[in-house]
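Hi,

Here is the structure I promised to pass on. Have a look first, and my notes on what turned up follow below.

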Amino acid sequence: MAFYGLFVGIDYYESDFRSLRFAKRDATALCALFDDNLEGRATLLLDSDATKERLVAELRYLAEVSTDEDFVVITFSGHGVPGGALAAYDVSPDDPAKSSLPLDDLAELVRRIPARALLLVLDCCFSGHAADKVLHIAREDFTSRNGSVSATKRLEELRKDGYFVIAAAGRDQEAFEEQSVRHGLLSHYLIQGLLGHHDAVDDGEVHIFKLAHYVSKSVSSHGRRMSREVQQPVLGVSSSNFSLRVFVPGARYRSTDDATRPLPATAELSSLEPYGIPHPVLEAWGGSLGKLNRLQVDAINEGALLEDMNVLVSAPTATGKTMVGELAAMRAVARGRKAVFLVPTRALVSEQYEGFRQRYEPLGFRVIRATGELSDQMPQLVKGEFDLAVLTYEKYTGLLPRSPGLLNVGVLVIDEIQSFGLPERGPLLETLLTWLRGRDGSPGTPQIVGLSAVLGEPRELARWLRANLVTVTRRDVPLLEGVMGPDGLHRYRDRQGTESAQQLMQPKGPAEISGESRQLTRLVAELVAQGQQVIVFQATRGGARSIARQLAGTLGLPSAHTALARLFSEDGGRTADLLRTCLEGGVAFHIADLTTDERRLLEESFRSPESEVRVLVATTTLAQGVNLPADAVVISDLEHPGDGRPYSVSEYKNMAGRAGRTGRRERPGRAVILARGSADAEQKWQRYVRGEPEPVRSALLDPAVDVRGVLLAGLAEPASLARRRSGPDVQRFLAATFAAHQSRVSGSPDPFPSAEVRRMVCELVSGGFLKETPVAAGEMPHGLVLTDLGGLAVRSGLGVDSVSSVVEALRSVPADSVNHATLICAAQLTTELRDFRFDLFPRSPYKEHARLAAQLRKRGVAETVCSRLIGPPSRSGSGIGPARRAVACLMWAEGINLAGIERAIADQEKRTRPEFPGPVQYPTVDLGDLPDTLPTQLELGIVQGLVPIAWNTEVPLGRPVYLSLARAGLTTPAAILAADPDLLLDCVGGDPERHSAVRNAAAIVLADADEGGHRNPSSLLLD
């Protein structure tokens, strides 16, 4: 008896169908196992080898070479097509009937194969549901959409003496891939049976009849154990005594991923050594971490985190998600690859960078960051001189079109991936992930590790990402989560879901009940008296400042001397003054108005349980990933400012999750929502405390999101930069987005119909963002390519309308009138820079309009830009906010301190102090220097002459130092080198290190000038 086998596994398809995770692994393991144990010929077809033509050819070959005495095995692991067909690698969504292999044709080909015994295994399904192994093809000629009767019938028709047919799922059922076993369920239990599972063996042999029933029973019971829909395989098994000896793993099988997979990890860090984590890294983790927690162990064992598989983690705050990313990152680095962490905000970049630098630089790993700030290590990033990099979503995505090598990393960790659903960040993040999905299966494609707060219904996102889903709902630190009304009774749930109540404070009568701020103050006072640190969440920056001032004045806490001593600022400004006042009362606020250094100081101060800062009042941005736990969290605002939209359950859970400190499990965290009365308390209890996070939803499905930017990004995809694209290419990119995936799965209309895509392309062509080859009316455009303007829109992350506004404003400005003031004012026309704080209506609208217009013209702003920015005067004074913001930016870049800026843009009818004069004049700037000098001026708020000093100093100086240099007249490198040493030392606050750094930077600038000038090193790399 000879053996012939055909083993097919398709993870990646030629068209943009959802990729599978374990189909190739199924086929590879089965082929190796049969080849090790039976003499004959085994053919393995993976991905692009498994075309319809090749499948048919191999089946015909089996019919030619096999005889009635032979044993033939055919296995297929991949997608099925609704109605009953196997999806070959080259299946087309436009014509699935032509490019798939219908079961009728398969049955005919199999019937022609002579064999003593033939085993046909189909690890796919043919239902129309959102299954792991069924394609979503909306075609009317595939009528069996909800589990095909005809598919089952055709399989049963193959049944004859000696033929054994096992299909993964029956009518109305899904065929699952199971991440814990790294296989399709059917293939996994087939392998276990062949290796001698006792339920498949009789008298030391594997009887095919018994094997089929063992597989069927095991697959069904597995689904029940996982508490999900049952998968019931379809069997077509005739009576036969055919059997095989129990298989023994041989050389081929021992080389597969199945056999080389390390033993499951445990909480002990030493269990990670077989996964290739270097011993020094394990020692470093042991000093700070001790052991792995359940989430981290599950990510390794269930999610295959250390086996190069994509992983999506959905878990509450304070469960160790960042460590999951570090595990994958250090394995990649140990194997000679690079790791990139992406986070949503600059604050998070700074926090992660500092933590990683302290942990991994002593081990010899190169850790860098990039956010678009002066402190970036952009040269190292672009040159690939790093091991671990931390960037914002926007920075990484904007760099890729010009630096596609940044995709060639071992792992891409995307923190706070729940930002996917936010209209501000979601479209850009979805664009990046769609780019990555287009590289699935290509050499060098990075592993994706998504880290998220608890997501609602995350399975479809995991399927779209081709990721193993790891979910945890239990925190290491218990959380008492609830609502408190004016009666002072805290109704809460513990982590077991048990409802309880505790009197946190006594009500003071009707007058007290009506005062929400007094209710908040009394509660915080009670919590602080118990020795707890408290975070109070407010919806607005103004609200946070106001509550912080109130708490600092009434709680009677000791001064936060340590934080005050480190709060160095000569810049002035009401926010800095108020922060100092609050710290004197042991309270602080954390809002976007603070400088990066001020926010970092507060975060470092508050992290210690013994901190002198006992209360921190913050806006919701603090909940977006910053590692800042507290003993208790108080939430009084649950509506978005401006439009009054209620916060989502996910947003609330992020805030509540800040309560509870790791390492202090004897004290559970407490989250308190303040309610106005009993009805309000019940509503908030039901919506937020008992509520489940909303299902994750693509931001591109929001009608308010402009999809034109995503369309441009599709054309800027790194792989496509060298060639022109057509309208169908654009449609395919949009069809590959999560938005399109969600619509297909839910049966909703296509979110990107052809007519709409054609309209958007035409708008982008007419707006100068795209070029096209002319086509007939009504046809989809061809030969699409990004213009320089289109590339700029993609790299900047600005919306199409914003870019158009700036272009229109600058179009009629003569070249010799383009100066720094004109460019700064043109930038204020973008919607992304809109800030409602500048929109306050003045008492005398016409006077304020005239005053601001005069300020702009005084600085040389081109008239066309000035008129667009400030608009015509109006009785209400509406529309002058952008002009106020422009004046503030100009004064900031001119080196004027914050106090002077605040007085200059304040309503002049309300001012009580004279305007502070600026230290410099307002000359125009040589256009050739603008791309380099202006971003640094705007970031640091310094005069142009000191920009090269900022580029070259090795020690961060801070804006107060630059302002002191400007006041002393030391605004050029030559002036700095010629200055009296005592004067220079005084300008840098008496710090010898800064004194040396400033002089060294000045010397470098002058030396470079002698050699032909000096530019920002980062800009040279990106030209």
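**What I found**

Among contacts in the protein (heavy atoms within 4.5 Å) between residues at least 6 apart in sequence, 71% join residues at least 24 apart. Before you read on: this is a predicted model, where local features need pLDDT of at least 70 and side-chain atom pairs count only at pLDDT 80 or more, while totals for chains, interfaces and linings use all residues. Residues are numbered from 1 along each chain as its sequence is written, and side-chain values use heavy atoms, with hydrogens and water left out.

The protein has 43 helices and 31 strands; these are DSSP runs numbered from the N terminus, helices being H or I with at least four residues and strands E with at least two. Of its 1023 residues, 56% are buried. Buried means under 20% relative accessible area, exposed over 50%, and partly exposed in between, using a 1.4 Å probe and protein chains only.

**Cores**

The largest nonpolar core has 110 residues, and Leu272 and Trp285 touch the most other members. (A nonpolar core is a set of buried Ala, Val, Leu, Ile, Met, Phe, Trp, Tyr and Cys residues joined through side-chain atoms within 4.5 Å.) Helix H12 (residues 321-334) gives the most to this core, eight residues. If you click on Trp285 and ignore neighbours within four places in sequence, its contacts include Leu272, Ile277, Met323, Leu327, Met330 and Tyr360. There is also a second, separate core of 65 residues, with Phe386, Phe420, Leu436 and Ala793 among them.

**Helix pairs**

Two packed helices are described by the angle between their axes and the distance between the axes. The axes are lines fitted to C-alpha atoms, for helices over the stretch in contact, and angles run from 0 to 180 degrees between N-to-C directions.

Helix H16 (residues 426-438) packs with helix H26 (residues 708-715) at an angle of about 30 degrees, with axes 10 Å apart. H16 and H26 are therefore roughly parallel; the cut-offs are under 35 degrees for roughly parallel, over 145 for roughly antiparallel, 65 to 115 for roughly perpendicular, and oblique for the rest. Pro427, Thr431 and Trp435 of H16 make the contact with Val710, Ala713 and Gly714 of H26. By class that gives four nonpolar, two polar and no charged residues, where Ala, Val, Leu, Ile, Met, Phe, Trp, Tyr, Cys and Pro count as nonpolar, Asp, Glu, Lys and Arg as charged, and the others, Gly among them, as polar.

Helix H32 (residues 820-827) and helix H35 (residues 881-893) pack at about 140 degrees, with their axes 9 Å apart, which makes H32 oblique to H35. Here Ala821, Ile824 and Cys825 in H32 meet Ala886, Cys889, Leu890 and Ala893 in H35. The contact of H32 with H35 has seven nonpolar, no polar and no charged residues.

**Loop residues**

Most residues other than glycine have a negative phi. Asp47 is not a glycine, yet has a positive phi of about 50 degrees. Asp47 sits in the loop between strand E2 (40-46) and helix H2 (52-65) and counts as buried at 10% relative accessibility. Arg466, also not a glycine, has a positive phi of about 55 degrees; its loop runs between helix H17 (459-465) and strand E21 (467-471), and Arg466 is buried at 11%.

Arg843, in the loop between H32 and helix H33 (845-858), counts as exposed at 60% relative accessibility.

Cheers
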